[in-house]
Amino acid sequence: MVGPKKRPQIVLFGSSIVQLSFGNGGWGSILADVYTRTADIVLRGYSGWNSRRAIQVLDQVFPKDDTTQPCLVIVYFGGNDSMGPHSSGLGPHVPLTEYVENMRKIAIHLKSLSEKTRVIFLASPPVNDKKVGEFRSNLCWKLARNNELGKKYSDACIKLCEEIGVKGIDLYKAFQRHNDWENACFTDGLHLSEVGSRIVVEEIMKVLKEAEWEPNLHWTSMETEFGEDSDYDIVACDGKTTVNPSKWIYRQIKWD
């Protein structure tokens, strides 16, 4: 393991929305930039997965006996669960009631990792029904995914969060507040564009800023690693002191 061991970990756990989050200006890469020198963003994304597969690997991805536990886990499952069932019984579909119980199990497991492990659930965003409906592939069956089904799972996720005291982000509503969201927020009608990813980060930052957590997990409140002043820093204009660059921000969006 790369040190120092005290650096906090923020884990992103979910399906393709998570797996792809470090590419094309994705929300995972934005978080990694925002939390530079304050926390490690750890990716545990698995394309095509539903909540059934997630609970099968909980103990492997998040072992309770590990000496180092994440300070925050951001979870996304639900989009694949909401896909219509196939007549063969194969496929990612999970009935709504089972999906809710699976998410409950995930929350219970994650909250048990440590007293300071916090959890955020991302509810499924909408999709571009037209583009998804036009999807054709020689590799797989037509995608039975649409907003009529997806909103039921999104609403159920938010309702569960309210019930069990987990922070929930309603991406369904957040995306629809954006002009031309159907075209702007997706690369293929389903997976997130840079615009869609920015909305995800905006909503995460709102939660982190407003949450009454101790310690506070908003990036502006976290300790900068090796952030102390040094004689080896850049020499200041007075020629007698140095300027500490450890908290300088170079990105266009400040994400305050």
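In this predicted model, the axes of helix α5 (residues 96–111) and helix α7 (residues 147–164) come within 10 Å and cross at roughly 40°. Axes are lines fitted to C-alpha atoms, for helices over the stretch in contact, and angles run from 0 to 180 degrees between N-to-C directions. Helices (H or I, at least four residues) and strands (E, at least two) are DSSP runs, numbered from the N terminus. The helices α5 and α7 are therefore oblique to each other. Angles under 35 degrees count as roughly parallel, over 145 as roughly antiparallel, 65 to 115 as roughly perpendicular and the rest as oblique. The crossing of α5 and α7 is right-handed, with the near helix turned clockwise from the far one by less than a right angle. On α5, the contact (heavy atoms within 4.5 Å) is made by L96, Y99, V100, M103, R104, A107 and K111. On α7, K152, Y153, A156, C157, L160, E163 and I164 take part. By class, this contact of α5 with α7 has 10 nonpolar, no polar and four charged residues. Ala, Val, Leu, Ile, Met, Phe, Trp, Tyr, Cys and Pro count as nonpolar, Asp, Glu, Lys and Arg as charged, and the others, Gly among them, as polar.

Residues are numbered from 1 along each chain as its sequence is written. Local features need pLDDT of at least 70, side-chain atom pairs count only at pLDDT 80 or more, totals for chains, interfaces and linings use all residues, and side-chain values use heavy atoms, with hydrogens and water left out.

Helix α7 also lies across β4 (118–123) and β5, running at about 155° to β4. N147 belongs to α7. This residue is buried, with a relative accessible area of 11%; buried means under 20%, exposed over 50%, partly exposed in between (1.4 Å probe, protein chains only). Beyond its neighbours within four places in sequence, N147 contacts P126, V127, D129, Y172 and W181.

The sheet is open and has five strands, in the order β2-β1-β3-β4-β5, with parallel pairing. Two strands pair if DSSP finds at least two bridges between them. β2 (40–45) and β5 (167–170) stand at the edges, each with a single partner strand, so one side of each is left without a neighbour in the sheet. The twist averages 20° from one strand to the next. Six bridges join β1 (residues 9–14) to β2. V11 stands opposite V42 in β2.

Helix α2 (residues 27–34) packs against helix α10 (residues 194–210) at an angle of about 50°, with their axes 8 Å apart.
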